Amino acid sequence: MADIVTAPRGNEFVTRILLDHHLVDEESVRRAEEARALRPEVGFVEALLNLGLMDEKRYLAAFGALLGLEVADALPVDDIDLSLFGDLPITWAKQSFVLPLRRDGERVVVAISNPLNLGVLDDLRVILKARIEPVLAPREVVFEGINRLYDRKTGLEGTAGEVFQDEDLGSIAHEIEESTKDLLDVTDEAPIIRLVNSVLSQAVKERVSDIHIEPFEKHLSVRFRKDGILREVLRPPKRFQASIASRIKIMGNLNIAEKRLPQDGRIRRVVAGKEIDIRLSTVPTTFGERLVMRILDRTSTVLELADLGLDPELHDRMEDLVTRPHGIILVTGPTGSGKTTTLYACLVRINTPDKNILTVEDPVEYQITGIGQMQVNPKIDFTFANGLRAILRQDPDVVLIGEIRDKETAEIAVQASLTGHLVFSTLHTNDSASAFTRLVDMGVEPFLIASSVLAMVAQRLVRVVCRECRQPYTPSAAELETLGLDRIEPTDTFFRATGCPACTGTGYSGRQAIYELLIVDDTVRDSVMRNADAGQIKRAALARGMRTLRGDGVLKIRRGVTTAEEVMRVTQGDTD
């Protein structure tokens, strides 16, 4: 493919236009030419964009006006004729940033990010056997359009239909392809590989947290957990069980011959340009191996404190707590309630060069730049307690312990806080007040708990009602009574979840946390010292103005974030 900007005269011509339109300066031109000297196959414009030396939108606007071409900020991917994409290699389309949009008589309208790349336009003319009419679009828009269109073409249902009709399942391709290979680029693999890749691609597209593959007597069940709720997406015939299990175990570097013992593995893949980590777990059941895959997006960013959905008052209190010089802050809640996300947000808030922050976790789910993170390994006796002892010899200012599971870890955490360290950790309890009695049950003295703990934070995750299909309504008196409300304020808006294609029919899209923050003041500290039960501690905190989980959930209902049904579901048993 020839690019006119790779020729010296073409390069001078383009450079002059870019300079005349004030899109680049002489220094940017020099740096781009230096980069092309190392990689001459890269065009001059591409070099400028890759180095961030030129604003792409301004460039497209200038050349769109110069060449008389339309500039599109979005592409109608859902309306594109899939036949136009049939003979177009996806890898080449991504490298060239081109996407056919529609056939208009003898012409084909094509989105392209570089109007000067005449070689690509010539290739498209040959591949599509038609005259090409380019439309300009940013590279990111074209790239995303290619992934979405390819996902339409090779979606889970389509791939499953093809595979289920294929009786020749002898090849399950035991070789392990490179983890850097994008699953959307794989089109010529064995049927089972295409099916497994399609399941992973669909899960990443829907932002699924877990994939369950469960064997039963006469069939398999493939279920996705999204926003905390499981739903079945596929039911393969029983004869596919061994092939699917073997393929996934191969990807996770597990022993495919061992089917009697549980195994744990890790899979790393690239899906739609995203680096994805998958934690794989297998266990033997009556009807075969059950597989669960936890999906972690390595490209996703860790939330900050301001992104957690805290109301202003709660946010200010958390800001004050995480900037204290010493003490313990515990986050409580069941598995999957977002405790780690909250703790990471606290660490990000105080992560500055003048602080030494160390963590010991099981496992390390997301890497945070500037923080030392360690993963426990019980096989070599590297437990939370042993890791915490080692951390305290590393001169830390802030320590995060993934979970306090035993008396030894709890006592070391308390001693660390009393000797001038700020300690974050988690406990599995139903509410904030129960965390005190849990520590006492572990064997920690009440006076040590009272003097070291700054606050207990209980949390749950509620699903956010879909903005595309939510329906406003007026709640009944009985519903208001259940929520602890006397009346509806003029600023309140209650919504009901309905369901649409945007939320895959669930009525919800995404999740947000609800919180119960119990700050240890003199009243609570006195209750803990007297070894009061969780009920007494909670009543003392409520008298001091603490808002319960359900109370915080009600605030989010009134603001239109979630629904009454959702808050009641996750706060069963919680009362004011």
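In the predicted model, the axes of helix 18 (residues 522–529) and helix 19 (residues 534–543) come within 9 Å and cross at roughly 170°. Axes here are lines fitted to C-alpha atoms, for helices over the stretch in contact, and angles run from 0 to 180 degrees between N-to-C directions. Helix 18 is therefore roughly antiparallel to helix 19; angles over 145 degrees count as roughly antiparallel, those under 35 as roughly parallel, those from 65 to 115 as roughly perpendicular and the rest as oblique. From helix 18, Thr-523, Val-524, Ser-527 and Val-528 meet Ile-537, Ala-540 and Ala-541 of helix 19, contact meaning heavy atoms within 4.5 Å.

Residues are numbered from 1 along each chain as its sequence is written, and side-chain values use heavy atoms, with hydrogens and water left out. As this is a predicted model, local features need pLDDT of at least 70 and side-chain atom pairs count only at pLDDT 80 or more, while totals for chains, interfaces and linings use all residues.

The chain has 21 helices and 18 strands; these are DSSP runs numbered from the N terminus, with helices (H or I) of at least four residues and strands (E) of at least two. Of its 576 residues, 52% count as buried, where buried means under 20% relative accessible area, exposed over 50% and partly exposed in between (1.4 Å probe, protein chains only). Among the contacts in the chain with a separation of 6 or more, 65% come from residues 24 or more positions apart.

Seven strands form an open sheet with mixed pairing, in the order 12-11-13-14-10-15-18; two strands pair if DSSP finds at least two bridges between them. At the edges lie strand 12 (372–375) and strand 18 (508–519), each of which pairs on one side only. Neighbouring strands of this sheet are turned by 20° against each other on average, direction ignored.

Helix 11 (residues 312–322) touches strand 10, strand 14, strand 15 (453–465) and strand 18, and its direction makes about 60° with that of strand 18. Helix 13 (residues 384–392) touches strand 11 (357–361), strand 12 and strand 13 (398–401), and its direction makes about 165° with that of strand 11.

Helix 13 also has a helical partner: its axis and that of helix 14 (residues 407–418) come within 8 Å and cross at roughly 20°. Helix 13 is thus roughly parallel to helix 14. The crossing of helix 13 and helix 14 is left-handed, that is, the near helix is turned anticlockwise from the far one by less than a right angle (clockwise would be right-handed). Phe-384, Ala-385, Leu-388, Arg-389 and Leu-392 of helix 13 meet Glu-408, Thr-409, Ile-412, Ala-413 and Ala-416 of helix 14. The residues of the contact of helix 13 with helix 14 comprise seven nonpolar, one polar and two charged.

In the loop between helix 12 (339–350) and strand 11 lies Lys-355, which is partly exposed, with a relative accessible area of 34%. Leaving aside residues up to four places away in sequence, Lys-355 touches Ile-350, Asp-397 and Val-398.

Elsewhere, strand 9 (residues 288–297) has seven of its ten residues buried, so it is largely enclosed by the rest of the structure. Strand 8 (residues 274–285) pairs with strand 9 in the antiparallel sense over ten bridges, and the two strands form a hairpin with two residues between them. Asp-277 has Leu-296 in strand 9 as its bridge partner. Strand 4 (residues 210–215) also pairs with strand 9 in the antiparallel sense, over four bridges, and here Ile-211 stands opposite Met-293.

How values were computed. Ala, Val, Leu, Ile, Met, Phe, Trp, Tyr, Cys and Pro count as nonpolar, Asp, Glu, Lys and Arg as charged, and the others, Gly among them, as polar.
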